[in-house]
Amino acid sequence: MPRKLPLAIAFALVLPLSACGLFESKPSQDDIARNFLAAFAKGDTAAAAQLADDTNGAKAMLDKVKAALKPKAVTLTAAASQPPSGDTATVPFNADWNLGDDRSWKYQGSLAMTKASGDWKVHWQPEDIHPKLSAQQSIELKVQQPDPAPVLDRDGAPLLAPTPVIGISVDRKQAGDLGSVANALAAALGQFDNTITAQSIIDGATKTPDGQVYSVINLRDSDYQKVRAQIHELPGVSFVTSTQLLAQNKALGPQFLTAIKTAVNAQVAGAAGWHVVTLDAAGNEVNDLAGKDPQAAQSLTTTIGTNYQAAAQAALAGVPQASAIVAMQPSTGEILAVAQNAPADAQGLIALTGQFPPGSTFKIVTGISALEAGKVTLDGPQACPGTTTIDGRVIPNENKFDLGTVPLRTAFAQSCNTTFSQIAATQLTSEQLADTAKQLGIGADFTVPGVTTVTGSVPVPTSTVERAEDGFGQGKDQVSPFGMAVVASTVVKGSIPTPSLIRGTQTKVNTPAQQPVPGPVLDSIRQMMRAVVTDGTAKAIKDIPDVAGKTGTAQFGDGTNSHGWFVGYRGDLAFAVLLVGAGTSSPAVVVAGNFLRAVH
């Protein structure tokens with residue numbers, strides 16, 4: 001018969017086989033709470049819901065909150081809990097939601113915990129997400145954009161102001177007969193934008209992905225009301241109202257004002273407001289949980305004078321060719337007007353960046369260069385034959401007029417190509433014309449807040465013929481109306497002004513400073529420019545007091561057509577007028593006269 005072991009020894013032999021089962025501890029309420037919070041913070045709503053006593057209800061609500069807030073990051077940190085009270089406990093936590101765009105939502109919450117069958121679970125209720133979220137409620141992030149601040153003219157009147165706009169869109173899936181809807185929309189909306197046709201709407205809607213709408217047009221409320229009855233009930237067509245920064249006068253330089261709007265949009269947009277709110281089942285707001293109100297930006301003031309801008313636009317209104325006017329205040333460099341007609345708008349903002357041969361307006365540069373070099377005097381005799389030949393290049397006056405020998409001021413006033421080509425070819429070096437052009441601002445590189453500008457360029461000529469052609473503004477000379485307004489302003493001020501458009505901003509000058517033109521030379525060129533109006537090629541406006549300037553007829557292409565220029569000043573107002581392909585300078589003089597009469 002086998003010998004029995006003592007009871008204590010038998011227990012010791014059995015204990016290792018069952019020790020884990022006897023003493024294994026289950027996760028505490030704090031462990032479950034931490035795991036739940038960690039899973040939800042990571043966006044793993046399924047894992048978080050598995051730790052709740054109502055898995056389906058928890059996941060549904062957690063998904064809704066995640067979709068509504070679209071957080072960039074979430075930090076949920078459990079704090080120390082109090083000992084359980086029977087089968088219930090509460091675990092406090094700290095929440096920090098990063099909602100993007102510097103929106104941070106922080107609060108303290110708590111998880112209700114329950115114990116069933118020996119295991120702790122999160123006792124699911126909406127308050128587990130936020131203490132003010134109740135049953136049958138939802139959370140929403142509301143972003144509120146402030147109305148943009150207005151952009152004002154120099155006198156404080158609005159150029160661009162917040163304006164109600166109705167966006168008109170079409171959903172091809174809901175439109176039914178898309179062709180019929182497109183025809184109705186095109187018939188109503190084509191008056192506002194002639195590019196809108198039934199086919200353009202069909203093409204745009206067809207290319208739009210499923211579930212998205214095709215934006216047809218944005219209309220001011222006043223325009224929308226004109227066509228509302230025609231389009232409001234069309235199937236698949238939707239209307240969304242918003243506020244946009246728009247010109248108060250649609251005819252007041254649309255291309256230019258659009259450029260300003262694009263440049264300053266961020267500055268006048270203000271700071272968006274945001275609020276995290278709870279909503280009841282009907283979508284009504286119940287509680288505002290966090291956020292801040294929108295902050296409006298300060299208005300911006302430009303240097304534009306509405307009277308100057310309107311006068312310039314009106315002066316160009318009847319011109320068939322692409323045309324532009326730039327006006328500046330020489331004493332300050334402030335831009336007073338940038339006007340273009342519709343044909344010019346179709347080519348871009350040519351007033352500020354277009355590059356064209358300056359024609360005889362460049363005789364301002366040639367005259368100053370020769371005067372500064374001491375090669376000519378204001379009343380010194382100069383030959384003005386009908387034609388002249390320089391190294392085989394025949395250079396004529398317009399219609400080959402012949403003045404014989406006349407004072408320099410007369411040759412300038414009558415715009416003798418032969419005189420100024422000979423001066424450039426025989427009395428100036430290759431560098432002098434280019435250097436003088438720089439003294440007057442051509443080639444200056446300005447970074448003007450609010451707009452992009454290009455003054456022009458005058459390359460150093462490489463031959464006598466090139467120098468002769470440059471002398472009367474042909475050859476490789478290129479300028480913009482803005483550049484020639486800078487030239488006229490420099491003649492008035494005595495040094496290159498720094499252009500500006502937005503008050504309180506700083507224009508960067510990215511080119512070396514230039515030696516100012518000597519005073520006596522400027523006095524002579526001013527007299528020559530005045531003679532153009534009193535006795536020369538701009539006599540059509542001699543009735544307007546104190547105007548001085550220079551006309552220009554600039555050949556381009558194959559030489560069979562020409563641009564028309566008039567560049568000048570009156571008091572502290574400098575201007576440049578360009579009519580693209582006008583044939584002569586005479587129409588530019590007429591336009592300048594209409595502009596000047598309207599502003600004085």
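**Figure 1. Asn 341 and the backbone atoms around its side chain.** In this predicted model, the backbone nitrogen of Ser 323 lies 3.0 Å from a polar atom of the side chain of Asn 341. The backbone oxygen of Val 319 lies 3.1 Å from a polar atom of that side chain. Asn 341 is placed in the loop between strand 14 (334-340) and helix 11 (342-345). Its relative accessibility is 6%, so Asn 341 counts as buried. When neighbours within four places in sequence are left aside, Asn 341 is in contact with Leu 316, Val 319, Gln 321, Ala 322 and Ser 323.

**Figure 2. The disulfide between Cys 384 and Cys 416.** The structure holds one disulfide. Cys 384 and Cys 416 form this bond, with their sulfur atoms 2.1 Å apart. The torsion about the S-S bond is about -90°, and the disulfide is therefore left-handed. The pair links distant parts of the chain, 32 residues apart. Cys 384 belongs to strand 15 (residues 381-384), whereas Cys 416 lies in the loop between helix 14 (408-413) and helix 15 (417-427). Cys 384 has 0% relative accessibility and so counts as buried. Cys 416 likewise counts as buried, at 0% relative accessibility.

**Figure 3. Helix 13 and the residue Gly 374.** Helix 13 (residues 363-372) is mostly covered, since nine of its ten residues are buried, that is, under 20% relative accessible area. The buried residues of the helix are Lys 363, Ile 364, Val 365, Thr 366, Gly 367, Ile 368, Ser 369, Ala 370 and Leu 371. Just after helix 13, Gly 374 takes a positive phi of about 75°.

**Figure 4. The nonpolar cores.** The largest nonpolar core has 111 residues. Those with the most contacts inside this core are Phe 256, Ile 364, Ile 442, Leu 501, Ile 525, Phe 566 and Phe 595. Helix 19 (residues 519-535) gives the most to the core, with eight residues. Another core, of 38 residues, lies apart from the largest one. Its members include Ala 33, Phe 40, Ala 95 and Trp 97.

**Figure 5. The surroundings of Leu 501.** Leu 501 is one of the residues with the most contacts inside the largest nonpolar core. Residues up to four places away in sequence are not counted in this view. On that basis, Leu 501 touches Phe 256, Ile 260, Thr 301, Thr 302, Thr 303, Ile 304, Ile 335, Val 448, Pro 449, Gly 450 and Val 451.

Figure 6. The structure holds eight aromatic pairs. A pair of aromatic rings is described by the distance of the centres and the angle of the planes. Trp 97 and Trp 105 form a tilted pair, 5.7 Å centre to centre and with 35° between the planes. Both Trp 97 and Trp 105 are buried. Ring pairs link Phe 40, Phe 93, Trp 97, Trp 105 and Tyr 107 into a cluster.

Figure 7. Phe 412 and Phe 420 form an aromatic pair that is edge-to-face, with 6.0 Å between the centres and 65° between the planes. Phe 412 has a relative accessible area of 0% and is buried. Phe 420 is also buried, with a relative accessible area of 0%. Lys 550 lies over the face of Phe 412, at 5.6 Å from the ring centre.

**Figure 8. Thr 551 in strand 23.** Thr 551 is placed in strand 23 (residues 548-556). At 2% relative accessibility, this threonine counts as buried. The side chain of Thr 551 makes a polar contact with the side chain of Lys 550, at 3.4 Å. Residues up to four places away in sequence being left out, Thr 551 touches Ser 360, Thr 361, Val 532, Thr 537, Ala 538, Trp 565, Phe 566, Ser 585 and Val 589.

**Figure 9. Asp 445 in a loop.** Asp 445 is found in the loop between helix 16 (430-439) and strand 19 (446-447). Its relative accessibility is 37%, so Asp 445 counts as partly exposed. Neighbours within four places in sequence aside, Asp 445 is in contact with Lys 508, Val 509, Asn 510 and Thr 511. Asp 445 and Ser 524 are 79 residues apart in sequence, and their C-alpha atoms are 27 Å apart in space.

Key. Residues are numbered from 1 along each chain as its sequence is written. This is a predicted model: local features need pLDDT of at least 70, side-chain atom pairs count only at pLDDT 80 or more; totals for chains, interfaces and linings use all residues. Side-chain values use heavy atoms; hydrogens and water are left out. A disulfide is a pair of cysteine sulfur atoms within 2.5 Å. Helices (H or I, at least four residues) and strands (E, at least two) are DSSP runs, numbered from the N terminus. Buried means under 20% relative accessible area, exposed over 50%, partly exposed in between (1.4 Å probe, protein chains only). A nonpolar core is a set of buried Ala, Val, Leu, Ile, Met, Phe, Trp, Tyr and Cys residues joined through side-chain atoms within 4.5 Å. Contact means heavy atoms within 4.5 Å. Rings of Phe, Tyr and Trp (its six-membered ring) pair if their centres lie within 6.5 Å; planes under 30 degrees apart count as stacked, over 60 as edge-to-face and the rest as tilted. A charge sits over a ring if NZ of Lys or CZ of Arg is within 6 Å of the ring centre and within 35 degrees of the ring normal. A polar contact is a pair of N or O atoms within 3.5 Å; within protein, one must be able to donate a hydrogen and the other to accept it, and residues adjacent in sequence count only if both atoms are side-chain atoms.
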